[in-house]
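Let's take a walk through a protein structure together, one piece at a time. Have the picture ready and follow along as we go.

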Amino acid sequence: MTLSEVTGISGEAGDFRVSVKQNPRYIDMNRCIACGECAAKCPKKVDDEFNAGINKRRAAYIKYGQAVPLKYAIDAANCIYLARGKCRACEKFCPTDAIDFEDKEKNVDVNVGSVILAPGWSPFDPKGVDYLGCAESPDIVTSMEYERLLSASGPCMGHLKRPSDSREPKKIAWLQCVGSRNLNRCDNAYCSSVCCMYAIKQALVTAEHLEGDDLSQTVFYMDIRSHGKEFDRYFEKAQADGVNFVRARPHTIEPGKDGTGVTMRYTLDDGKVVVEDFDMAVLSVGLEASKDALSLADTFGIALDEFRFAQTSSFAPVASSREGVFVTGAFQAPKAIPRSVAEASAAAADAARLLTAAKGTLTRSKSYPREKDLAGQQPRVGVFVCSCGINIAGVVDVKEVVAYAEGLPHVVYAENNLFSCSADTQDLIAKRIEEHNLNRIVVAACTPRTHEPLFQDTLREAGLNAYLIEMANIRNQNAWVHQNAPEAATAKAKDQVRMAVAKAALDYPLARDAVPVTQKALVIGGGLAGMGAALNLADQGFEAVLLEKDARLGGNAWHLDTTPKGEPVRPMLEEMIQRTENHANIKVLKNAALKSATGSVGQFVSKIAVDGQTRAVTYGAAVLATGARESVPTEYGYGEDARILTHLEFDRKLREDAAQLGQAQSAVFIQCVGSREPNRPYCSRVCCTHTVKSAIHLKTLNPAMNVYVLYRDMRTYGLNEILYQKARDLGVIFIRYDVDQKPAVAIEGADLKVTVDDPIVQRPLKIDTDLLVLAAAIEPHASDELIALYKCGVNADGFLNEAHPKLRPVDMAVDGLFVAGLCNYPKPVDESIEQAKAAAARAATVLSQEAMQLDAIKSFVTDDCDGCALCLDVCPYRAIKLEEQATEGNGQVHKRIVTDKALCKGCGLCAATCPKGGVHVHGFTLDQLKAQVSAALVDVV
Amino acid sequence: MYEFKVGRLARILGVHRNTVSNWIRSGRLDARPAPAKRYQIGEAALRRFCALNHIAEDRVLDHLTVLPEAAASLTPTVAARFSTTGREESMTQKTIGSVMVVGGGIAGIQATLDLADSGYFVYLVEKSAGIGGAMAQLDKTFPTNDCAM
């Protein structure tokens with residue numbers, strides 16, 4: 001439901017009634033074929049908000065080239081006809097009569113069991129902040145504007161130009177924390193979490209765009225917050241690639257001399273004032289709560305925090321204050337894409353848990369007629385040549401292509417359509433299949449990547465197998481790239497059609513296989529993440545086997561005192577353990593070890609050793625939540641004095657004897673102990689926040705205590721920044737140190753002394769302390785066995801890898817395996833719980849199916865296979881095994897490969913490697929490819 | 001507690017099986033799903049249904065299977081699925097199998113896909129003319145420099 005807004009909600013969790021207002025689009029979605037005529041003819045120009053207002057779009061518009069739905073809309077606020085009653089140009093030129101100025105606002109009531117709110121964020125608008133100067137120079141842009149300037153689909157088509165004079169900028173500055181960590185000018189005290197990384201990305205991508213040695217990129221920052229997985233490596237790469245990082249906040253920003261570029265004045269650590277000219281400046285604007293946050297919260301009656309983000313607890317990070325309404329993404333707190341995606345899955349998991357009783361009651365499935373039996377029939381090919389409005393027909397002579405196609409072997413019918421993908425053409429194709437008894441279809445149009453499923457569906461509805469279609473891409477690969485050579489383009493289109501017909505004649509029906517799914521999950525690891533995943537799956541009605549290597553559940557959470565929000569961990573943990581152990585759907589195996597793992601998604605089998613006994617478990621999906629541990633520091637005198645503690649030891653002391661800790665006169669925290677060092681080049685993510693929280697705790701116990709934090713970059717990302725601010729207010733002293741000038745710890749009799757170089761006073765400080773707390777790094781457990789069993793990946797630091805760092809943050813590269821918690825990367829309690837729920841949601845998408853439908857494009861083995869096993873090494877999915885088989889009759893044993901259809905993705909590497917023709921891929925057999933190549937070369941050979 | 005299959009009850013009452021399904025879906029017949037395409041209904045609810053629809057109680061009650069203890073007949077999985085443990089007590093008996101997602105950015109899209117893949121109907125509400133949100137505006141993403149599209 002696009003162009004829609006929620007206007008009201010009634011009812012309660014499980015049975016809500018939501019009113020939705022659908023604004024008119026003025027274009028009939030069923031008729032619009034996205035040809036773009038309306039926008040081409042529309043006389044009204046409007047700022048294009050998708051390109052951050054840098055360029056213009058028309059009042060009849062499409063958001064962006066790949067928009068979903070790919071349908072135009074008329075912007076009522078700007079349309080000349082709707083405002084002044086005259087124009088209707090689009091209506092005259094629309095080839096499908098899709099323009100509908102009678103379209104009215106609709107109000108729809110929808111009955112739903114649960115609601116998930118994901119309204120996103122709004123970029124901070126720096127226009128009102130005068131010292132940033134964006135009103136004075138066009139070459140000062142926001143990061144969102146810069147993102148569009150860089151983008152290949154943006155207004156400069158990927159060739160970076162600065163706005164003032166369209167010249168390539170050579171010297172660019174990024175200003176961090178614009179609209180974040182700033183109470184003075186904008187009230188956004190929090191950290192937006194993502195700007196440091198996107199600025200680094202923009203600096204690196206800029207270097208890819210521009211050439212020359214005179215290129216320079218400078219990032220002005222307070223702390224670099226590269227606290228995510230692989231982020232520090234990215235930061236280091238940027239430093240190595242020559243991006244300058246300057247710890248300073250430019251205080252005067254003015255247009256350059258001739259009105260182009262920017263002049264900046266800033267002060268370095270040593271007090272030196274620098275005036276520097278740049279060709280361009282990018283303001284790294286922060287993330288603010290969505291503009292709709294207030295009204296949405298009002299409509300739904302949910303609580304927001306002081307910054308208008310949705311209020312949630314660390315233990316239920318996606319539950320809003322109203323039951324049955326969940327929140328996710330940047331609406332909950334500013335965050336980057338991976339966490340938004342994981343949170344979205346977590347919200348899906350919580351909604352599913354709530355509605356389990358009604359699962360499957362409202363989903364629909366399509367039914368198709370029985371497939372015709374083609375046995376013994378000669379190929380009867382139908383060719384449909386698409387004009388794509390003027391996209392193809394404007395260059396290629398489509399009528400000539402149709403006439404040519406009619407003369408090709410096996411072709412019994414050919415015709416031209418204005419838009420082959422339109423709904424009425426689908427009906428037409430089905431009709432032609434019936435009339436001419438067609439049994440192979442060639443569509444000469446656009447790309448199969450977007451449109452093949454549509455035509456496959458049409459074939460199925462007409463009683464043909466879905467794999468009897470070929471597409472010739474005469475648009476993207478022809479008309480679009482040969483606009484200046486129409487005759488050659490027409491000849492090429494004929495070649496493309498000839499090739500497609502040659503292959504189509506050899507197409508044969510393929511059957512989609514299905515693998516039965518065992519509706520049970522294995523969860524490895526009984527910490528917060530493991531229990532969270534098991535509980536959610538169990539609540540959704542799936543059985544879960546929870547495997548824990550220790551004698552008790554709970555993992556690291558036993559050692560934690562409170563979360564950053566101040567919620568005590570113990571009671572929540574104990575309740576969670578109790579629920580896990582007593583849940584009818586969860587089988588807890590303690591002191592257990594995974595011994596083997598075979599099979600694939602839907603049907604894994606493992607042997608598990610429990611107290612010396614081995615048992616077998618069959619499961620459809622697995623969640624890996626094996627955790628990590630606090631490393632043992634090897635520096636700063638750790639282990640030599642009882643006053644030197646790690647974070648977890650500090651938390652234990654706080655729980656057991658807070659009063660004694662409060663008697664200390666002085667306390668020192670040292671950050672990055674073992675993190676961000678050559679042997680552990682990653683940030684442990686949780687320590688800065690934990691330190692700040694602990695420092696506040698000490699100050700509360702004893703306000704007279706001197707508390708020092710020695711740090712490299714404070715990484716209190718997101719709303720944790722508020723704690724950092726509070727600690728400073730309470731008088732905690734923060735002193736930055738460099739990695740090559742680390743603090744020194746000396747134990748002299750009864751005295752504990754810490755020496756550190758203070759960059760502000762520019763001299764060493766000596767601190768006598770009663771307490772030294774070390775932020776020891778989080779290190780992963782050795783996972784070699786797990787990796788060997790599941791063939792899953794780890795990164796160079798030993799953390800289990802996700803399938804895609806942005807879009808599949810809890811899926812693993814092996815289908816059916818999911819990852820949650822510390823074993824993936826260091827993270828705090830709320831993010832672990834979030835990931836656990838997300839892993840459960842993703843696992844549920846597998847377990848909800850009775851059988852996994854596989855694609856039919858899979859490899860298959862022929863009698864020519866002689867077991868040379870060359871293909872085993874090239875298969876990227878490990879889908880091929882070598883097996884010994886007895887030949888029928890003589891009983892001789894020989895080797896031959898077997899392919900696993902569940903694992904095979906049909907990439908064809910095996911077929912390309914095989915010297916004997918022993919393995920092929922359905923739909924792309926050697927014969928089919930040969931026919932296609934011969935057709936291509938028919939005039940040459 | 002009584003257990004029945006939709007077809008059987010339809011035959012007893014002389015109505016189409018879809019009618020019975022509709023009654024269950026709309027809550028008019030207060031039955032809940034059980035394994036093997038069966039439904040279970042409490043005696044009180046069944047009598048109430050008969051009274052409301054002017055059906056002789058004997059006609060129905062005598063022909064349906066009587067369950068001594070409802071939960072005992074369910075497999076552990078199903079028992080938990082329909083039990084209220086872990087679910088909020090205040091929830092009404094009626095549960096709708098669909099979810100509304102407000103916002104069509106990357107978070108909204110992911111939540112929608114996961115729910116749709118898990119057997120729930122989803123309404124995705126987006127304010128603008130197309131989904132994709134802020135991520136669609138990004139050129140590349142850190143730390144892999146992958147295209148955001």
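Start with chain B, which has seven helices and eight strands. Keep in mind as you look around that this is a predicted model. Chain B is 149 residues long, and 37% of those residues count as buried. How does its chain fold back on itself? Take the contacts in chain B between residues at least 6 apart in sequence: 46% of them join residues at least 24 apart.

Now look at where the two chains meet. On the chain B side, 61 residues are in contact with 81 residues of chain A. Several elements of chain B each supply at least two residues to that side, namely α6 (76-82), β5 (98-102), α7 (106-117), β6 (121-125) and β7 (140-141). Which of them gives the most? That's α7(B), with eight residues. If you sort the touching side of chain B by class, you get 28 nonpolar, 20 polar and 13 charged residues.

Strand β8 of chain A, residues 114-117, is joined to β5(B) by four bridges, and the two strands run parallel. To find the spot, look for A:I116, whose bridge partner in β5(B) is B:V101. As background, strands of a sheet pair through backbone hydrogen bonds, either parallel or antiparallel.

Another place to look is A:S848, which sits in the loop between α21 (829-847) and β43 (851-853) of chain A. Is A:S848 buried or exposed? It has 20 other C-beta atoms within 10 Å, and 20 or more is what it takes to count as buried, so A:S848 is buried. Leaving out residues up to four places away in sequence, A:S848 touches B:D117, B:S118 and B:G119. For a sense of distance, pick out A:P255 too: A:P255 and A:S848 are 593 residues apart along the chain, and their C-alpha atoms are separated by 60 Å.

Staying in chain A, find helix α4, residues 143-150. Eight of its eight residues are buried, so the helix is largely enclosed by the rest of the structure. You can check them off one by one: A:S143, A:M144, A:E145, A:Y146, A:E147, A:R148, A:L149 and A:L150. What does the covering? The elements over these buried residues of α4(A) include β9 (121-123), β10 (140-142), α6 (195-209) and β17 (280-285) of chain A.

Next come some helix pairs. In chain A, helix α10 (residues 398-406) packs against helix α14 (residues 486-504) at an angle of about 35 degrees, with the axes 10 Å apart. The crossing is right-handed. On the α10(A) side, A:E400, A:V401, A:Y404 and A:A405 make the contact, and α14(A) answers with A:T490, A:A493, A:K494 and A:V497. By class, that contact has five nonpolar, one polar and two charged residues.

Helix α14(A) has another partner, helix α24 (residues 926-936) of chain A. Here the angle is about 150 degrees and the axes are 8 Å apart. Angles over 145 degrees count as roughly antiparallel, so that is how α14(A) and α24(A) lie to each other. This crossing is right-handed. The residues involved are A:D495, A:R498, A:M499, A:A502 and A:K503 of α14(A), and A:Q928, A:A931, A:Q932, A:S934, A:A935 and A:A936 of α24(A). Their classes come to five nonpolar, three polar and three charged.

For one more pair, go to helices α15 (residues 528-539) and α16 (residues 569-582) of chain A. Their axes come within 10 Å and cross at roughly 50 degrees, which makes α15(A) oblique to α16(A). This crossing is left-handed. Here A:M531, A:A534 and A:L535 of α15(A) meet A:M576, A:I577, A:R579 and A:T580 of α16(A).

Let's finish with a sheet in chain A. It is an open sheet of three strands in the order β37-β38-β39, with antiparallel pairing. Its edge strands, β37 (744-748) and β39 (763-769), each pair on one side only. Direction aside, neighbouring strands are turned by 25 degrees against each other on average. Seven bridges join β38 (residues 751-758) to β39(A), and one to look for is the bridge between A:V754 and A:I767.

Technical notes: Residues are numbered from 1 along each chain as its sequence is written. Chains are lettered from A and ligands numbered from 1 in the order in which they are written. This is a predicted model: local features need pLDDT of at least 70, side-chain atom pairs count only at pLDDT 80 or more; totals for chains, interfaces and linings use all residues. Two residues are in contact if their C-beta atoms, placed from the backbone, lie within 7 Å. Ala, Val, Leu, Ile, Met, Phe, Trp, Tyr, Cys and Pro count as nonpolar, Asp, Glu, Lys and Arg as charged, and the others, Gly among them, as polar. Two strands pair if DSSP finds at least two bridges between them. Axes are lines fitted to C-alpha atoms, for helices over the stretch in contact, and angles run from 0 to 180 degrees between N-to-C directions. A crossing is left-handed if the near helix is turned anticlockwise from the far one by less than a right angle, and right-handed if clockwise. A residue is buried if 20 or more other C-beta atoms lie within 10 Å of its own, exposed if 12 or fewer, and partly exposed in between; C-beta atoms are placed from the backbone. Angles under 35 degrees count as roughly parallel, over 145 as roughly antiparallel, 65 to 115 as roughly perpendicular and the rest as oblique.
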